[in-house]
Amino acid sequence: MTKLYNHAPMPYLRITEGAGAGLSVALHGETVSIGRDGQCGLQLLDTSASRQHATCEQRAAEWVLCDLGSSNGTWHQGKRIETLPLAHGCEFRIGNTILRFEVEAIADAHGTQASWGEQVHGLGEDSSLFNLQDTDAPSVNRYLVLLHQFIRHASTTNDRAALFDLLDELAAEALEGDRIAVFLPDGHGWSLWPPHERRLRARFGTTPYAGTLLAIAWQKPEALLCTSEGDVDPSKSMDAAGLRSAMVAPLRIGEEVHGLLYVDRLNTDKAFTRTDLEFLEAVANQMAVRLHNQGTVAQLQAEIDRLSTRSNAPYPQFAGSTAGVKEIEGFIQRVAALDTAIALIGESGCGKRSMAQAIHLSGPRSAQPMQTFTCSAYSQEMCAVSLFGRGNDLRRDPRPGLFEQADNSTLYLQDVEHLDADNQRRIISTLRDNVVHRNDEPYPRPINVRLIVSCSPEHQDMPFLRELGALSFTCTALRERSSDDREILTRHLLAEAAERLEKNSAQLSSDLSNAFANYIWPGNVRQLRDAIHHGLIISLNNTITLDDMPESLREQLTNKLQHTELPSLAEVQRLHILRVLEHCGGSKSAAATVLGIDRSTLHTRLRNYGVNK
C-alpha cells in the first residue's frame with residue numbers, strides 16, 4: 001500500500017546518535033519543543049537534556065533552533081549556541097544526543113522523491129517518519145507511534161502489574177480489541193493472569209476464549225492470527241460464542257517463554273489483519289525484554305542483599321564456667337565440618353543464634369555469609385516465598401529464595417515449630433535432593449546448603465527434626481545456670497557494652513548486682529545484654545543503678561530486691577559448716593580440719609543445728 005501526499009517539502013528533525021536513534025518528527029506549525037518532558041513535540045530519552053531544553057521555530061522562510069536556557073546547553077560544531085538558523089543537514093547536540101535537521105521533497109503519484117508517508121508494508125521495514133503529532137498517518141505509521149509511546153511508558157514501570165496495566169489502554173486505542181489478556185504457562189497449558197481474569201469476567205462474563213488458538217500456541221509458541229484468512233481458522237464454538245477474530249503473540253526471550261498476549265474481537269465482522277498481528281508481536285517483544293530486565297534487576301538486587309550480609313564480626317564469645325564453655329565449644333568443633341542438619345533447642349534469647357554463627361564460622365562454608373530467617377515473624381505464604389523464592393510467573397517480579405542465597409553456605413531457620421506441614425515437607429525435599437523449586441516455577445535449581453534450625457524445648461520432639469536427621473544441642477536457660485556462671489556472664493556483657501559504647505570501665509551498683517542475681521531472666525541472655533546496654537547508656541557515670549534500668553524491668557527488679565532477705569552472719573556460718581560436712585562425706589574429723597576448728601566445737605555446733613549424726 002502506498003500513501004501519497006502532495007504538499008510542500010516537509011522539514012523534520014531526526015535523532016542520529018544517542019537514545020532513540022532513528023526517531024524523527026515532522027515540524028508542523030510554527031514551534032516544536034524539544035526536551036525530556038512528555039509534552040514536548042520531540043521527547044528526548046537523555047538525562048543530560050532539560051525538561052524544556054530548546055525549540056524549533058519557523059521564522060518567515062526558515063527554521064531557527066532556540067536554546068531555552070538549558071542547564072547543559074545546546075551545541076553546534078563544538079560551540080554552545082543560543083540560536084541557530086537551520087539548513088538541510090545541519091546537526092546539533094543536546095546532552096549525548098545528536099540531532100539533524102532535514103528537508104526532503106514529497107513523493108507524487110509518479111514516484112518522485114518522498115520525505116514521509118513512504119511505502120511501508122509492515123513493522124519489519126523501516127519508515128522514514130515517526131510523527132507523534134499526525135493522527136491521520138497510515139495505520140502502520142500509527143502503530144509505530146503507539147509502539148514508541150508504549151516503550152516510553154513501559155520504561156517507567158517498576159513491576160509487572162504496572163506494565164500489564166498498559167495493555168488495557170493499548171487494546172482500546174490501537175487494536176480496537178474487546179479482550180486483551182496475558183496467559184501464563186502453568187506446566188500443562190495456559191492460565192489467565194488473575195487480575196485480567198477477574199476484570200474480564202466482570203465485563204464479559206463466561207464468554208470462552210479461542211481455545212484452539214491457545215492450544216496451538218502452547219505447542220508452537222509464535223505469533224498467530226485466527227481469522228478466515230489467517231494462520232488458524234475460527235472454530236464453530238468460537239462462531240457460536242460471537243468470537244469472530246483473535247490473535248496471540250508470545251512473551252519470549254530466546255527459548256524461554258514467559259507468557260502469551262491474547263487479543264480478540266466479539267460480535268463484529270471486522271477481523272484482525274496481519275499488520276495488527278505484527279504490532280502485537282512487537283509489543284510482546286518489548287514487554288518480554290522489559291520483564292527480562294526486571295527479573296535481572298531483581299536477581300542482582302538479591303545478590304547485593306546476600307553479599308551485604310557479610311559480616312566482619314568476630315567469632316562469638318561464650319562466657320561462663322569452664323565446664324559449660326567446654327561443652328558448647330566441644331559440640332561446635334564436632335559438628336562444624338559436617339553437612340548434617342543441626343537442631344538447637346532452647347528458650348528465646350539463650351544464645352542459639354550465636355551458636356549457629358559459631359558453627360558456620362568454624363566450618364568450610366565460612367567464606368560465604370550465613371543466611372538467617374525467623375519463621376515465627378511471617379505468614380506461611382511469606383515463609384514459602386522467602387525460603388524457596390518466586391518464579392517468573394508474571395504475577396510479580398521473580399525472586400530467589402534464601403535456599404538459593406545460601407548456596408554453598410549455611411541457612412539458619414529460627415522457630416521452625418511455626419512452619420506448617422507443607423513448608424516442612426518442602427524443606428526436607430530440598431535438602432534431600434539438593435535442588436530448590438521456586439514457587440510457580442516447574443524446573444529445579446541446584447543448591448548446596450547446610451541447614452541449622454532452632455525451636456523451643458516444648459517442640460524438641462517434633463517429627464520434622466527427626467525427618468531432618470538433625471543432631472541436637474540444648475542451650476541452657478539463664479535461670480538454670482549456676483550463680484557463678486551468671487556472674488561471669490554478667491561481667492562479660494558489662495565489658496562488651498563498655499567497649500561498644502567507648503566507656504573506659506563499667507560496674508553494677510551493689511543493689512543492682514543483688515537484683516540481677518535473684519532475677520529469673522525470662523528473656524535469658526538477650527534480656528540481660530539489653531538491660532546492661534540500656535543502663536550504661538542512661539547512667540550518668542560508669543556505675544549502673546536500678547534507676548538506669550528500663551521501666552518495666554526496673555519494677556520487677558525492685559520487687560525482687562525487696563523480697564530478698566539478706567542472711568545473718570550466724571546463718572551464713574551454719575550453711576557453710578553444713579556444706580563442708582557434706583563435702584567431706586559426713587566425716588566430722590575431716591570437716592573440723594577443713595573448717596580449722598576443734599572437733600568438740602564442731603560437735604557442739606552441729607548439736608545446736610539439730611544435726612545429731
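User: Which residues in α18 do His576, Ile577, Val580 and Leu581 in α17 meet?

Analyst: This is a predicted model, in which local features need pLDDT of at least 70 and side-chain atom pairs count only at pLDDT 80 or more, while totals for chains, interfaces and linings use all residues. Residues are numbered from 1 along each chain as its sequence is written, and side-chain values use heavy atoms, with hydrogens and water left out. To meet is to be in contact (heavy atoms within 4.5 Å). In α18, the partners of the four α17 residues are Lys588, Ala591, Val594 and Leu595.

User: At what angle do the axes of α17 and α18 cross?

Analyst: Helix α17 covers residues 569–583; helices (H or I, at least four residues) and strands (E, at least two) are DSSP runs numbered from the N terminus. Axes are lines fitted to C-alpha atoms, for helices over the stretch in contact, and angles run from 0 to 180 degrees between N-to-C directions. The two axes come within 9 Å of each other, and their crossing angle is roughly 130 degrees.

User: Is α17 oblique to α18, or roughly parallel?

Analyst: The classes are roughly parallel (under 35 degrees), roughly antiparallel (over 145), roughly perpendicular (65 to 115) and oblique (the rest). The axes of α17 and α18 cross at roughly 130 degrees. That angle makes the relation of α17 to α18 oblique.

User: How are α18 and α19 arranged, roughly perpendicular or roughly parallel?

Analyst: Helix α18 spans residues 588–595, and helix α19 spans residues 599–608. Their axes come within 9 Å and cross at roughly 105 degrees. The arrangement of α18 and α19 is therefore roughly perpendicular.

User: How are α9 and α11 placed, roughly parallel to each other or roughly perpendicular?

Analyst: Helix α9 (residues 380–388) packs with helix α11 (residues 421–433) at an angle of about 15 degrees, and their axes are 11 Å apart. The two helices therefore count as roughly parallel.

User: Which residues of α11 make the contact with α9?

Analyst: Helix α9 packs with α11 at an angle of about 15 degrees. From α9 the contact takes in Gln380, Cys383, Ala384, Leu387 and Phe388. From α11 it takes in Asn423, Arg426, Ile427 and Thr430.

User: Which strands do the buried residues of α4 pack against?

Analyst: Buried means under 20% relative accessible area, exposed over 50%, and partly exposed in between (1.4 Å probe, protein chains only). In helix α4 (residues 211–219), the buried residues are Leu213, Leu214 and Ala217. They pack against β12 (179–185), β13 (190–192), β14 (224–226), β15 (243–253) and β16 (256–266).

User: How far apart are the C-alpha atoms of Tyr209 and Leu243?

Analyst: Tyr209 sits in the loop between α3 (194–204) and α4. Not counting residues up to four places away in sequence, Tyr209 touches Arg179, Phe183, Leu192, Leu200, Leu214, Leu243, Tyr262 and Asp264. Tyr209 and Leu243 are 34 residues apart along the chain, and their C-alpha atoms are separated by 7.9 Å.

User: Is Ile532 buried or exposed?

Analyst: Ile532 belongs to helix α15. Leaving aside neighbours within four places in sequence, Ile532 is in contact with Thr490, Leu493, Leu494, Ala497, Phe516 and Ile544. Its C-alpha atom is separated by 9.7 Å from that of Glu496, 36 residues away along the chain. With a relative accessibility of 0%, Ile532 counts as buried.

User: What is the value of phi of Asn524?

Analyst: Asn524 lies in helix α15, residues 524–538. At 0% relative accessibility, Asn524 counts as buried. Its phi is positive in a residue other than glycine, with a value near 60 degrees.

User: Does Asn267 count as buried or exposed?

Analyst: Asn267 is placed in the loop between β16 and α6 (274–308). Its phi is near 55 degrees, a positive value in a residue other than glycine. With a relative accessibility of 63%, Asn267 counts as exposed.

User: What percentage of the residues of the protein chain count as buried?

Analyst: The secondary structure of the chain comes to 19 helices and 27 strands. Of the contacts with a separation of 6 or more, 61% are between residues 24 or more positions apart. Among the 613 residues of the chain, the buried share is 44%.
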